[in-house]
Amino acid sequence: MSVDNRRTARKAVTGDSAPREIRRRPKNRRAQIAAASAAAFGSLGYHGVSMEDIASGLGISSAALYRHYPSKYALFREELLRVGKAMTESVDVGTDGEPSAPRERLRQVVDALIGATIENRPSITLVRWEGRYLDEADRQTLDEQQLSVLDALGDRIGELRPELTENDRRVLRATMLSVITSIADHHATLPTKALVRLLGSACLAIADAPLPPAEKTAEVPVVVEIPDSFKHELLLRKAVELFHDRGYPNVSVEEIATAAGLSAASAVYRFYRGKSDLLAAAFRRAAERVSGAIGPAVAAAPNPEAALTDLISHYVDGSFAERALTFVYYTEFQHVPVEERTALRNIQRLSVEEWARLLREVRPELSPAEARFLVHAAFALVVDLGRSFDSAPFAAQARVRLLMQVVLFGRPAAE
């Protein structure tokens, strides 16, 4: 019997109308899984993603996913440390063909780091905000990777400005890293060359920043005491503190009630519908603090630069007074109830747009997109310097205000 006849016979027996398709496992399946998990973690956070979610997005079964990775944590860990390594390797530019001028040497490292950040933008947000969910040993590895990046920046800053103290260099290098990685905090877009140029120019302006003298003592933010009878406010403050310290998914309503001095979790429901309602209330407060300052500042200022300068002071003052709230605003948005997200996004978008509009009146050479990127970068450096140095004198409010001005204006604000 010929081959064709055998095929005809098989069809007659089996009813097959065509040869059976053989599905082969893609050779790059592991890389596909890593990319899909990075996108999912970056969008929803570590706690918001399951192995089933990742498998479904890839069109495979959970069992197939587990053949490559034993757990969600293994996926999470691998992606964070991969990105941390990519950032570390980017600043190791070597010495062959290295420019001799300190400014060009700094620019070389900055451009390399910007390139690595743009390439890994979906996952940079994990390094920025989700690294605290790593196990201790893995967290230490990630911290060491980030320190290598900071050291590379600090060394180049020291070559350019040898008169700076070690703490001055620490502040400037942290600000540069914040500005570069702030692109992970939003979804604005720019062509790669334009983005590299914009962020590079901002970093060089930071390197030249004339820092005010460091304070001799640490600034201690004034905390307004809330009477025990004001349970609504007390619950909100205690919830934000717990979300800041441990992450929203790791905090229970019972723990919030205990922190606020309530006898039972059920008492919380007299004021809030639940834990997510507390988080939404915190986000509304943070968003309205920024948006509510814009109108009065614009009305009272003689020009756009003065208005922005006043807004910078207001933003820094509020962030220093409520550090925990500012941090939570950046880290926990994916846990805000879906019905609240659109309104909150609109408030934030309009605030950024108004800051960007004022900035373009000061710097008309900026495109609307470039202005938005700089506004996001200026916002980010405040929370990043706060979590890096807390209330250290060398990262006091006066210095943070000036660094925001430098990022936005390319120079300190006019007197």
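Contact here means heavy atoms within 4.5 Å. I started with Trp355, which by that cut-off touches Val290, Ile294, Leu308, Leu311, Ile312, Tyr315, Val375, Phe379, Met404 and Leu408, leaving aside residues up to four places away in sequence.

Ground rules: I'm on a predicted model, where local features need pLDDT of at least 70, side-chain atom pairs count only at pLDDT 80 or more, and totals for chains, interfaces and linings use all residues. Numbering runs from 1 along each chain as its sequence is written, and side-chain values use heavy atoms, with hydrogens and water left out.

Next, the cores (buried Ala, Val, Leu, Ile, Met, Phe, Trp, Tyr and Cys joined through side-chain atoms within 4.5 Å; buried is under 20% relative accessible area with a 1.4 Å probe, protein chains only). The largest has 105 residues, and Trp355 is among those with the most contacts inside it, as are Phe76 and Met176.

Then I checked α17 itself. Just after α17, Asp390 has a positive phi of about 55°.

Last, I looked at α6 (residues 102-119) against α9 (residues 166-181): they pack at about 35°, axes 10 Å apart (lines fitted to C-alpha atoms over the stretch in contact, angles from 0 to 180 degrees between N-to-C directions). Leu106, Val110, Leu113, Ile114 and Thr117 of α6 meet Met176, Leu177, Ile180 and Thr181 of α9.

Methods:
Helix = DSSP H or I, 4+ residues; strand = E, 2+ residues; numbered from the N terminus. Buried < 20%, exposed > 50% of the residue type's maximum accessible area, 1.4 Å probe, protein only.
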